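Please load the model in a viewer and keep the selection panel at hand. The stops below are given in the order in which they may be selected.

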Amino acid sequence: NREVWERKGASFFLQKDAAPTLFFYNRDDEAYYQDQVHHLQTKMDKLGLVTKTMIDYGHGHAIPQSEGQLKTLYDFWSLYLIKGN
């Protein structure tokens with residue numbers, strides 16, 4: 001239920017000081033999940049927040065596992081979480 005999700009979910013609480021976010025999903029994930037990611041990322045982008053997206057990194061609900069995708073993940077963490085940029 002998008003209306004409830006927008007009113008009570010992460011989208012409702014977004015503010016200009018939100019943390020940088022790396023979204024990752026597969027195109028074979030449920031349509032509602034892809035829709036929520038798109039909606040949330042669009043809102044974050046409009047607020048000028050840092051976002052990055054990794055699509056089709058694997059299968060199922062798991063973290064990326066290939067060398068290149070893990071590098072993307074670790075580089076993002078390094079840049080925004082470890083160094084505090």
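Select Gly48 to begin: this residue follows helix α3 and has a positive phi, near 80 degrees. The model is a predicted one, in which local features need pLDDT of at least 70 and side-chain atom pairs count only at pLDDT 80 or more, while totals for chains, interfaces and linings use all residues. Residues are numbered from 1 along each chain as its sequence is written, and side-chain values use heavy atoms, with hydrogens and water left out.

**Helix α3**

Next, select residues 31-46, which form helix α3. Helices (H or I, at least four residues) and strands (E, at least two) are DSSP runs, numbered from the N terminus. The 16 residues of α3 reach 23 Å from first C-alpha to last, close to the 22 Å expected at 1.5 Å a residue; the expected span is 1.5 Å times one less than the number of residues. Within α3, colour Val37, His39, Leu40, Gln41 and Met44, its buried residues. Buried denotes under 20% relative accessible area, exposed over 50%, and partly exposed in between (1.4 Å probe, protein chains only).

**The nonpolar cores**

Which residues make up the largest nonpolar core? Select Leu14, Phe23, Tyr25, Val37, Leu40, Met44 and Leu49, seven residues in all. A nonpolar core is a set of buried Ala, Val, Leu, Ile, Met, Phe, Trp, Tyr and Cys residues joined through side-chain atoms within 4.5 Å. Two or more residues of this core come from each of β1 (21-25) and α3, and α3 gives the largest share, three residues. Centre the view on Leu14: leaving aside residues up to four places away in sequence, Leu14 touches Leu40, Lys43, Met44, Leu47 and Leu49, where contact means heavy atoms within 4.5 Å. Another core, of five residues, lies apart from it; Met54, Tyr57, Leu73 and Phe76 are among them.

**The salt bridges**

How many salt bridges does a search of the whole structure find? There are two, a salt bridge being a side-chain nitrogen of Lys or Arg within 4 Å of a carboxyl oxygen of Asp or Glu. Select Arg27 and Asp56, whose closest N and O atoms are 2.6 Å apart. Arg27 is in the loop between β1 and α3 and Asp56 in the loop between β2 (51-55) and α4, so this pair ties together parts 29 residues apart in sequence. Arg27 counts as exposed because its relative accessibility is 58%, whereas Asp56, at 37%, counts as partly exposed.

Then select Lys71 and Asp75, which form a salt bridge with closest N and O atoms 2.6 Å apart. Both residues lie in helix α4, four residues apart, about one turn of the helix. Asp75 is partly exposed, with a relative accessible area of 40%.

**The surface patch**

Now show the surface of Tyr74, Trp77, Leu81 and Ile82, which make a nonpolar patch of about 480 Å². Patches consist of residues with over 30% relative accessible area and no salt bridge; like charges are joined within 9 Å, and nonpolar side chains (Val, Leu, Ile, Met, Phe, Trp, Tyr) within 5 Å. Leu81 belongs to helix α4 (residues 67-82) and, at 55% relative accessibility, counts as exposed.

**The whole chain**

Finally, select the protein chain, whose pattern along the sequence is α-α-β-α-β-α. Of its 85 residues, 25% count as buried.

Note on methods:
Accessible areas come from the Shrake-Rupley method with a 1.4 Å probe; for residues, only the protein chains shown count as cover.
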